[in-house]
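Subject: Handing over a structure

Hi there,

Open it first, and then read my notes alongside.

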Amino acid sequence: MMSELPLLRARWLQALAMATDAEAEWFGQSFGVDDAAFELLRAPEVGLVMARGRAGGTGAAFNLGEVTVTRCAVRSGDDRVGIGWVQGRRPGRARLIARLDALLQSAPALAVDAAVTELEAALAARRAATARKAAATRVEFFTLVRGED
Amino acid sequence: MGRIAAGLADPVHDAQMQFRDLLWAMSRPGSVVVLRGGLPAPPEPLVPAAYALLLGLVDGDSPVWLDGDYPDASQSIRFHIGARTVAEPGQAAFAVVTRASSLLPLERFAQGSHDYPDRSCTVILQVDHLAAGAGLKLRGPGIAGTARLEIGGVPEGFVPGLQANRRRFPLGVDLVLAAGRSVACLPRSTDVEA
């Protein structure tokens, strides 16, 4: 079992979980996911994962809350086991990620890296846009205690 | 590293149906039940019925003992069930004996305690074939009069071992016999005669 995933594999699992439907579809088409044959090891399954956080002051770990997660596992024709995990009730996405995970293990690393980088850039852009919108609504409070205007 | 076999194709419905089938077999000792639903191709050396029942019954809290070193079976159990495999038969909640002829004396498995007789081991025994109507004579709870069960491939001393198990009631183990897609059960409450 993998205790540590190679970096590229960890990146593609993350990128595919966070991608939009259109991006995931595009990625799948690029690597021919529909043309390959897969054996289903674990049918997409919805369950709960306990998310853990660390308290700010003390750094003590605590249970943040349960997160719904869908997972799936497949085996490709060339005997690679692919796993897919995604937040939410998303059997289709979990299955797609699992299939891609199996295929990408034997795909050329440069092509994979390029495609993953595109997904990561799109995600970063979405996050930046959200952050900008949120920043635009920021209100500065001035108080007597702070001694400002 | 062993090869992971597929899990239940429709885990919710298959596991429920197969559990129901097992309950039927356990409550009517001597009946041979063919498990319904999907049975995935099992990892070596498990038979389909044994593998499906493990997938449905066992979870991360139930230690499993296998009667040998089987990488495919261990890996599949670990992947799908998350159960711990133990080295000592006495530590297991479920014991899988893949060749009935090499069955250990039943006292080697967890017998339960008087406060918790249900904490005994459930022994899944793979046999060559099962047929109702001939063979061993069974009597007891769940059996109207007598029942007969033919079991292919049992070891020497099987019947005396079952009789000794019966005498330990309410302690003792319960046996699930598996052949292909079929199961039959010998709970500790059943009297067995050759």
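This is a predicted model: local features need pLDDT of at least 70, side-chain atom pairs count only at pLDDT 80 or more; totals for chains, interfaces and linings use all residues.

For the complex, the predictor reports an ipTM of 0.81 together with a pTM of 0.88. Chain B has a mean pLDDT of 96, and 100% of its residues reach 70 or more.

**Where the chains meet**

Nine residues from chain A and 11 residues from chain B make up the contact. Between them, about 940 Å² of area is buried, and carbon and sulfur atoms account for 52% of that.

How many salt bridges are there between chain A and chain B? The count is one. D79(A) and R3(B) form it, with their closest N and O atoms 2.6 Å apart.

On the side of chain A that touches chain B, strands β1 (38-54) and β2 (61-76) of chain A each supply at least two residues. The largest share, five residues, comes from β1(A). By type, the residues on this side of chain A are five nonpolar, no polar and four charged.

**A glutamate in chain A**

Next, have a look at E23(A), which sits in helix α2 (residues 21-30) of chain A. Is E23(A) buried or exposed? Its relative accessible area is 17%, under the 20% cut-off, so E23(A) counts as buried.

Leaving aside residues up to four places away in sequence, E23(A) touches L119(A), A122(A) and R126(A). Its side chain also reaches the backbone nitrogen of T20(A), at 3.1 Å. As for F142(A), 119 residues away along the chain, its C-alpha atom is separated from that of E23(A) by 44 Å.

**A covered helix in chain B**

Finally, turn to helix α2 (residues 48-57) of chain B, which is mostly covered, with seven of its 10 residues buried. Those buried residues are A49(B), A50(B), Y51(B), A52(B), L53(B), L54(B) and L55(B).

What do the buried residues of α2(B) pack against? Their partners in chain B include the helices α1 (11-27) and α3 (71-80). The strands β3 (94-97), β4 (122-126), β7 (174-179) and β8 (182-186) of chain B are also among the elements they pack against.

Happy exploring, and do write back with any questions.

Best wishes

Definitions and conventions
Residues are numbered from 1 along each chain as its sequence is written. Chains are lettered from A and ligands numbered from 1 in the order in which they are written. Side-chain values use heavy atoms; hydrogens and water are left out. Contact means heavy atoms within 4.5 Å. Buried area is the accessible area (1.4 Å probe) that two parts lose on being put together, summed over both. A salt bridge is a side-chain nitrogen of Lys or Arg within 4 Å of a carboxyl oxygen of Asp or Glu. Helices (H or I, at least four residues) and strands (E, at least two) are DSSP runs, numbered from the N terminus. Ala, Val, Leu, Ile, Met, Phe, Trp, Tyr, Cys and Pro count as nonpolar, Asp, Glu, Lys and Arg as charged, and the others, Gly among them, as polar. pLDDT is the predictor's confidence in each residue, from 0 to 100. Buried means under 20% relative accessible area, exposed over 50%, partly exposed in between (1.4 Å probe, protein chains only). A polar contact is a pair of N or O atoms within 3.5 Å; within protein, one must be able to donate a hydrogen and the other to accept it, and residues adjacent in sequence count only if both atoms are side-chain atoms.
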